[in-house]
Amino acid sequence: MSGGLLWILVAIGLAVVVIRRRSVAVALVTAQALVLVGFALYDAKDAGDVVAAGALAVRAVALAALFLLLVSRTRELRPVHARVPPLVRAVAAIAFALALTWLVPTLGLDSRNGERAVLALVAFGIVTAATRRATLFHVLGIVLVENGLALAALELPGGGSLTIEVGVAVDLMLIALVAGVFHERIFAEFGTGDSAALRTLRD
Amino acid sequence: MTSREQLAWAIVAIPTIVAVLVVLTPRRAVTAVAVTGAFVTAGLALALGVLELRALGDPVVGNWIVVDAAGALLVSVVAVVGLATVLVSPAYLAGADSSLGPAHRQQHTYFTALYAFWAALLAVPLVGNLGGAWLLIEATTATSALLVGFSGKARSLEAAWKYLILTSLGLGVALLGIVALVAGIPGGGIGALSWRALGTYSSGQQSALVAYILLVAGLAAKIGWAPVHNWLPDAHTEAPPPVSALLSAALLPVVLLVAWRSEHALAPVIGIRAGQDVLIFFGLVSLAVAIPFLWRSLPWKRLLAYSSLEHMGVIALGIGFGTPLALAGVAVHIAAHAVAKAVGFYAATPLLEHEPRAAERSVTGIARTYPALGGVMGLSLGALAGLPPSPLFLSEVLIVAGGFQAGRSWPAAATALLLALGFLGLAHALLETTVGKARRRGGRHRRESRALAMLGGISLALLLALSALALWLPGSDLVGALLAGIT
């Protein structure tokens, strides 16, 4: 994958870390997944690769539909502010990504830049889930991590396994569906999708 | 296809079919279908265990199916705990006043999710490749999260949310490790992820070690190893008691088996000692984090949850030591922990009816007000503490001895010290819980007492049988088969 495309993927990931609105973040992770679909189709060598790209596309569109439905059904009365300001989140995400790049010498992918992009997306996903209070952002953090892993599968020297790639897409949709069920129940129970309300269980 | 392969497919197919059947079954027949399906599933799984015992040293190894000694042990444990969980679930459902789904479909929702979870749990030890194992573990997350949050109450929603998000992120990290492994295995595709192919990794020791650490660190979030265990006490506490039993006694060791298989398969590349070091690290940290909580006055299910953290640490140490003695201890520990912990969680249903405040505070003097319940709770806690002749005492002795046998004197000594501290904490809890000062008067529980006496009797018999097994196991062919793995 070209350096420009990798930069676009990483920039979109960083935007998810700092963006405030849930609907914009959903649009960003969907756009990121669709960029990956485009590259997967461009790089496809056989029917298996096309099927894997198709599974990624179905996953991207299905998740976007699910998340936008959740956003529309769980409108917040007041904005849910993150625990950490946007600039600090961005700095933390970049620092974590650089630390991961330093700690993980090599993943064995096609290019070192591809590896760095994968690690950056994994780091951004974890930081998103750790620093945001809105429950939907936790799920978007997982999707960011999975987008990074989809990029890693595209950058594998010998290609990935179609069964596993389709399985991962199905599993992610299942997890997102269950998360959607809980997101709605949490909203109904607490009147907000703010995870700050979820702090009664501690020792 | 051999009879073991056919059985392996059937063991996964039957609970999957029952999960679908339950949806279509009228309400009055749901329990009958669930119980029948549980006996069939458990019967097939135990038959596979017996067949594997008769064919030790000759594992079935393919790209999709593996039947070996460790897998058969775990399948048998998951089957027994699953059967017992289905049998005690109607008692829980009878007293459940709320649920995640519509009230009139409560049983359907519960048993469908339970069977889907059970099917995935039974499949993990039998799957022939790391990628398939990852997919199945992720599937257990989705199904079991629904069960953790089944009551739909605020606290259970919180616990389910934490569980879903933390374990999914952890599994994302594990998948990164898997991708890194695939990158270094010639051939690519699904064959590259079969357990035997992992040993052919050819991109260098350092990158293999990085991939292995990512994989195990990610799985640790699901196993509940410290320091990535935060979801465990909450999920075990807030899940319905029968589900807590399945989470602790079956889910955690099943995922641990995947870490064990990975360590074994990658040992030729990363070095035996490096792979074991990672497991010993997680084992010691888990023990050290769990012990202070075992000394505190905690609600019953929360105490059992921290005990799970301790015992998963002990199993990690046994696998990390990797000697015949330690692996004999691991085999006994997995089975005995499952029995003792499942019984403890099953006792929580009558406990919460008897003393509803037990959900939020520690209980004392239960044997004075409800002797049958106090007896079962005492049996569970005594066994988990490692009170002789508990099989967990014998397995812990074997694991510590195995550590010294492996030449790992410092970790073995630290293990012994931490286990002694854990024993003291749980022994104190045992005395307080059973014969401490009672906070309320006793009531009439004649019918429930009979059921509890039966549960206690069966569990005691199983635990004593496991104690006898612990004395016989070292030096047996079963340990030889565990050592050999699937290579």
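Chain B of this predicted model contains 19 helices and 2 strands. Its radius of gyration is 21 Å, close to the 23 Å that the globule rule gives for 487 residues, so chain B is as compact as a globular protein of that length. Along its principal axes, the C-alpha trace of chain B spans about 65 × 55 × 40 Å. Of the 487 residues of this chain, 65% count as buried.

The confidence scores may be stated next. The mean pLDDT of chain B is 94, and 99% of its residues reach 70 or more. For the model, ipTM is 0.96 and pTM is 0.96.

Helix α1 of chain B covers residues 3–24, which amounts to 22 residues. From its first C-alpha to its last, this helix reaches 31 Å, close to the 32 Å expected at 1.5 Å a residue. Several residues of α1(B) are buried, including Arg4(B), Leu7(B), Ala8(B), Ile11(B) and Val12(B). Further along α1(B), Ile14(B), Pro15(B), Val18(B), Ala19(B) and Val22(B) are buried as well. The partners of these buried residues in chain B are the helices α2 (30–54), α3 (69–95) and α4 (106–123), together with the strands β1 (60–61) and β2 (66–67).

The contact between the two chains involves other parts of chain B. It takes 42 residues from chain B and 39 residues from chain A. On the side of chain B that touches chain A, at least two residues each are supplied by α5 (130–148), α6 (154–183), α7 (205–223) and α8 (231–238). The largest share of that side, 18 residues, comes from α6(B). By residue class, the side of chain B that touches chain A divides into 25 nonpolar, 13 polar and 4 charged residues.

Leu103(A) lies in helix α4 of chain A, which runs over residues 86–103. Is Leu103(A) buried or exposed? Leu103(A) counts as exposed because it has 11 C-beta neighbours inside 10 Å, and the cut-off for exposure is 12 or fewer. Leu103(A) and Val58(A) are 45 residues apart along the chain, and their C-alpha atoms are separated by 34 Å.

Notes: Residues numbered from 1 in each chain as written. Chains lettered and ligands numbered in written order. Predicted model: local features only at pLDDT ≥ 70, side-chain atom pairs only at ≥ 80, totals over all residues. Helix = DSSP H or I, 4+ residues; strand = E, 2+ residues; numbered from the N terminus. Expected span 1.5 Å × (residues − 1). Buried ≥ 20, exposed ≤ 12 C-beta atoms within 10 Å, placed from the backbone. Contact = placed C-beta atoms within 7 Å. Nonpolar A, V, L, I, M, F, W, Y, C, P; charged D, E, K, R; others polar. Rg over C-alpha atoms; globule rule 2.2 N^0.38 Å. pLDDT = per-residue confidence, 0-100.
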